[in-house]
Amino acid sequence: MDNTYYNPADLKKFGSISELQPEMGRKFFDYYGEVFKEGALTEREKALIALAVSHAVQCPYCIDAYTSDCLEKGADENQMMEAVHVAAAIKGGAALVHGVQMMNKIKELTM
């Protein structure tokens, strides 16, 4: 394995994040578990959303976890890549729409 800042083995240690704050960890994992239960969205749909968000926030641990989760929940490669493209489009659009703020500032400073 190449040395990287992110150690894939650390993903398996995620549950231990509660060691220093057990009550907060319990609350987080209870909430997390509830969020990913079947509801108005299927577990597969939620996994695809999580995969897309993982890419938007650029979390390698989450990308690994939700790639596996999506496959386990029956998503195929095309659905997964489409979810990633949705995230990329939203993230790109969010960056571009802030250009309006810059344009407003230019007008303010040059008028």
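Q: Is Tyr32 buried, partly exposed or exposed?
A: Buried means under 20% relative accessible area, exposed means over 50%, and partly exposed is in between (1.4 Å probe, protein chains only). Tyr32 has a relative accessible area of 29%, so Tyr32 counts as partly exposed.

Q: What kind of pair do the rings of Phe28 and Tyr32 form?
A: This is a predicted model, where local features need pLDDT of at least 70 and side-chain atom pairs count only at pLDDT 80 or more, while totals for chains, interfaces and linings use all residues. Residues are numbered from 1 along each chain as its sequence is written, and side-chain values use heavy atoms, leaving out hydrogens and water. Rings of Phe, Tyr and Trp (its six-membered ring) pair if their centres lie within 6.5 Å; planes under 30 degrees apart are stacked, over 60 edge-to-face, and the rest tilted. Here the centres are 5.4 Å apart and the planes sit at 40°, so the pair is tilted.

Q: Which helix holds both Phe28 and Tyr32?
A: Helices are DSSP runs (H or I, at least four residues), numbered from the N terminus. Phe28 and Tyr32 are four residues apart, about one turn of the helix, and that helix is α1.

Q: How many aromatic pairs are there, and which one links Phe14 to helix α1?
A: The count comes to eight aromatic pairs. Phe14 pairs edge-to-face with Phe29, at 5.2 Å centre to centre and 70° between the planes. Phe14 lies in the segment before α1 (22-35) and Phe29 in helix α1, 15 residues apart, so the answers are eight and Phe14 with Phe29.

Technical notes: Helix = DSSP H or I, 4+ residues; strand = E, 2+ residues; numbered from the N terminus.
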